[in-house]
Amino acid sequence: MSSKANTTVRMFGLLHTFRKDHGLPSQAEVAVPDEGCPAEAIARDLGLPMEKIEAVFVNHKAYSLDHEVHPGDQVAFVPTGVPGPGRMMLGIRHAPAK
């Protein structure tokens, strides 16, 4: 990834708690290369527990973790365990890959 932070990433629910428990903020500024990178790579770089991530929001839309993130995108990781109706309202029931 490039050296200049250009994308804000937020973590919700148990991902927020995970970061706080490790003395880290629940929001991070990360560097995303000009050509983009998968959301999964960002989650791994942030040390998030991959098995606890349900989906990623990129610019207010839900996607799977293989979705490409580009500089300046707004990114938020959503934890597993979102109840049924909430999943549909958030759009993560059938989060598209791209």
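This note walks through the fold of a predicted model, point by point.

1. **Ground rules.** Local features need pLDDT of at least 70, side-chain atom pairs count only at pLDDT 80 or more, and totals for chains, interfaces and linings use all residues. Residues are numbered from 1 along each chain as its sequence is written, and side-chain values use heavy atoms, with hydrogens and water left out.

2. **Overall make-up.** The chain has 3 helices and 7 strands. Both are DSSP runs numbered from the N terminus: helices are H or I with at least four residues, strands are E with at least two. Read from the N terminus, the order of elements is β-α-β-β-α-β-β-β-β-α. Of the 98 residues in the chain, 41% are buried. Buried means under 20% relative accessible area, exposed means over 50%, and partly exposed lies in between (1.4 Å probe, protein chains only). The accessible surface of the chain is about 5500 Å², and carbon and sulfur atoms hold 55% of that surface. Those areas come from the Shrake-Rupley method with a 1.4 Å probe; for residues, only the protein chains shown count as cover.

3. **Contacts along the chain.** Take the contacts between residues at least 6 apart in sequence: 66% of them join residues at least 24 apart. Contact here means heavy atoms within 4.5 Å.

4. **The sheet.** Five strands form an open sheet in the order E2-E1-E7-E4-E5, with mixed pairing. Strand E2 (27-30) and strand E5 (61-63) are the edges; each has a single partner strand, so one side of each has no neighbour in the sheet. From one strand to the next, the twist averages 25 degrees. Angles run from 0 to 180 degrees between N-to-C directions, and axes are lines fitted to C-alpha atoms, for helices over the stretch in contact. Two strands pair if DSSP finds at least two bridges between them. Strands of a sheet pair through backbone hydrogen bonds, parallel or antiparallel.

5. **Strand E1.** Which strands does E1 pair with? E1 (residues 7-11) runs parallel to E7 (residues 74-79), over 4 bridges. E1 also pairs with E2, in the antiparallel sense, over 4 bridges. Val9 shows both links: its bridge partner is Val75 in E7 and Ala28 in E2. Arg10 has Ala76 as its bridge partner in E7. Of the 5 residues of E1, 4 are buried, so the strand is largely enclosed by the rest of the structure.

6. **Thr8.** This residue lies in strand E1. Its side chain makes a polar contact of 2.7 Å with the side chain of Glu29. A polar contact is a pair of N or O atoms within 3.5 Å; within protein, one must be able to donate a hydrogen and the other to accept it, and residues adjacent in sequence count only if both atoms are side-chain atoms. Beyond neighbours within four places in sequence, Thr8 is in contact with Gln27, Ala28, Glu29, Asp73, Gln74 and Val75.

7. **Strand E4.** How many of the residues of E4 are buried? The count is 5 of 6, so the strand is mostly covered. E4 and E7 run antiparallel and are joined by 5 bridges. E4 and E5 also pair in the antiparallel sense, over 3 bridges. Phe57 has Ala76 as its bridge partner in E7 and Ala62 as its bridge partner in E5.

8. **The E4-E5 hairpin.** E4 and E5 form a hairpin with 2 residues between them, and Asn59 in the turn has a positive phi of about 50 degrees. Asn59 is partly exposed, with a relative accessible area of 38%. What does Asn59 touch, not counting residues up to four places away in sequence? The list is Asp73 and Gln74. Asn59 and Asp73 are 14 residues apart in sequence, and their C-alpha atoms are 6.0 Å apart in space. Their side chains are joined by a polar contact of 2.9 Å.

9. **The nonpolar core.** A nonpolar core is a set of buried Ala, Val, Leu, Ile, Met, Phe, Trp, Tyr and Cys residues joined through side-chain atoms within 4.5 Å. The largest one has 21 residues. Those with the most contacts inside it are Val9, Ile42, Leu46, Ile53, Val56 and Phe77. At least two residues of this core come from each of E1, E2, helix H2 (39-45), E4 and E7. Leaving aside neighbours within four places in sequence, Leu46 is in contact with Val9, Met11, Arg19, Ala28, Val30 and Phe77. In soluble globular proteins, nonpolar side chains tend to be buried together.
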